[in-house]
Amino acid sequence: MDLEYGPAYRAYRETVREFLKGWPLEGAESALSQIEQESLFRRRGIEAGFVYRNMPREYGGAGQEPDALKDQIVLEEFHRANAPGDLRSQGAGLLAPTLLEFGTEAQKQRFIPAALSGEEAWCQGYSEPGSGSDLASLKCQGRAEGDSFVLTGQKIWTSNANAADWMFGLFRTEPEKPKHAGISYLLVDMRSEGIDVRPLKTLTGGIEFNEVFFDEVRVPMENLVGARGQGWGVSRATLIHERNLIGSSSMLRDMFSDLVELAQRTRRGECPAIEDAGVRRKLAEIEGYVCTQEASNMMQFTAELKGDVSRTMRPMMMNKLYSTDTTQRIMECAYDLLGGEGLLGPTEADIRDWMRNTTSTGWVEAYLFSLGPAIAGGASNIQLNIIGERGYGLPRDLRLPAG
Ligand SMILES: Cc1cc2nc3c(=O)[nH]c(=O)nc-3n(C[C@H](O)[C@H](O)[C@H](O)COP(=O)(O)OP(=O)(O)OC[C@H]3O[C@@H](n4cnc5c(N)ncnc54)[C@H](O)[C@@H]3O)c2cc1C
C-alpha cells in the first residue's frame, strides 16, 4: 500500500506551508495579546480557505469543498507550525457540525459563528453519576412548562463547565417513554439562574472537570435541537464528531518521533537508551501501532474521497481506539525511559502546552493526561464492543446500551 500523498496534495501542502510563514506574527502585530494574535491569524486562515474548511461562509467558515486529505494536511501542518487552526473545542469541534446537521436556521446563525471564533465557550452535558457508558439511562429531568423546559438534576465530568458560556446537553423530557426515546438535546445558557458548577481537581493538578447541578433552570423551547424526545439521535452525531476529533488530533507520528528523540538522549548505564535491544524492540513495536493508525486513517480518507459512506464507519470507529491506545503506549514507554525523573511533577508550563512539550516533566504531564482520552467520548471497552457489533456484525453484548 502506498501511503504517500499524490502530486496535487503535495502541492496543496506547499500552499499551506507558504501561508504558515505568517506565523508567529511579526512587527506591530506581535505586540497584541496572545489571544488577539491567535484570533487574527485564525481569521486570516479562514480567508485563505484553510481554517474551518468545510463550514459554510455564512456561518463563519471557509466554505471549501469537503476533502478529507486536505483537512489532514492542514491539521498536520498547523500542528507542526504550532499555529492556531480550527479550535478543537466542544463548541467549534462538536456543537457546530451538529447544528449544521440538526439545528434550525436561527440556531445556526445565532450559535455557529460565535462557537467557531471562540467568542462563546461551550461544554458538553452528557454524563451523570451512574450514566456514563450506559448514557441512555440518564435521569437529569427537563420538564415542559409553558414555553420552557425546566431542568432538575446533575451532570458530572463536564469538561470546561467552569469557563463555559453555554452547554449542549441531554435531558429526560419524556420520562414515560422507553429510555432512548424520552431524551431531548438542549442548549443551556450557563448563566441561567439555578445552575451551580463545582470544579473537580484531576491527577494532573488542573481543573478539567466539573459537576453541574440544575435546580429548576428554565431553558426556552427554541433552544431544543432536533425534535423533542429525539435527542438520542442528535447526540449520536455529536459523539461521532467527538470520536473523530479525538482519533484525528493525536499526531501519533510526531509523538513517536519525540519518543525516539527521548530514547536517544536518555541513558541506560553507559549508553544512550536507544542502543539497548529491549528499548529498540519496544520502539519497533510501537511504530507498528503508529503505522496501523496511519493505514486506518488512509482507509477512512479513501472511503470519504470516494463518497463511500458505508466504508468510512469501520476505520472511523477504530481510529479513536488506535489513537488513544497508541498514545498510552508511547507515554508508558517515555515514562519508562525517564526512570527516576518520571517522579517529577509537571510544571505550570507543561500543563499549558503538553502537546509538544518534550521536557521530562512535560512527558510526565502528557503521560497523566493520556489516560483521559481513552475514557472520554466512550471508554475503550465500549469502543471494542461497538467495533465488534456494528463494524463486524458480531453477536450483541447484552450489557451495551442500544444506539
Ligand atoms: C478526559 C475526560 C473528559 C470528559 N469530558 C466529558 C464532558 O465534557 N462531558 C460529559 O458529559 N462527559 C465527559 N466525560 C465522561 C465520559 O464520557 C465518561 O467517563 C465515559 O463515558 C465512561 O463513563 P463512566 O465514567 O461512568 O464509566 P463507566 O460507564 O462506569 O465504566 C467503567 C468501566 O467499565 C467499562 N464498561 C462499562 N460498561 C461496559 C460494557 N458494556 N462492556 C465492557 N466494559 C464496560 C468501561 O469501559 C470502563 O472501563 C469525560 C471523561 C474524561 C475521562
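Two parts of the structure are said to be in contact when heavy atoms lie within 4.5 Å, and that meaning will be needed at one of the stops below. Keep in mind throughout that this is a predicted model.

Begin with the whole protein chain, which is divided into domain 1 (7-86), domain 2 (122-229) and domain 3 (250-391). If you select domain 1 and domain 2 together, you are looking at two parts whose C-alpha centres lie 33 Å apart.

Next, select residues 277-305, which form helix α8. This helix has 29 residues and reaches 42 Å from its first C-alpha to its last, close to the 42 Å expected at 1.5 Å a residue. At its N-terminal end, show the side chain of D276, which caps α8 by placing a side-chain oxygen 2.8 Å from the backbone nitrogen of G278. Just after α8, move on to G307, which takes a positive phi of about 70°.

Which residues of α8 are buried? Among them are V279, L283, I286, V290, M298 and F301, and what covers the buried residues of α8 includes α3 (68-80), α6 (231-248), α7 (252-265), β9 (267-268) and α9 (309-338).

Finally, select the cysteines, keeping in mind that a search of the whole structure finds zero disulfides. C140 is in no disulfide, and the nearest cysteine sulfur, that of C123, is 12 Å away; C140 is buried, with a relative accessible area of 2%. C333 is likewise in no disulfide, the nearest cysteine sulfur being that of C291, 15 Å away, and C333 is buried, with a relative accessible area of 6%.

How values were computed
Residues numbered from 1 in each chain as written. Predicted model: local features only at pLDDT ≥ 70, side-chain atom pairs only at ≥ 80, totals over all residues. Heavy atoms only, no water. Domains from an automatic or database assignment. Helix = DSSP H or I, 4+ residues; strand = E, 2+ residues; numbered from the N terminus. Expected span 1.5 Å × (residues − 1). Buried < 20%, exposed > 50% of the residue type's maximum accessible area, 1.4 Å probe, protein only. Polar contact = N/O pair within 3.5 Å; in protein donor to acceptor, adjacent residues only side chain to side chain. Disulfide = S-S within 2.5 Å.
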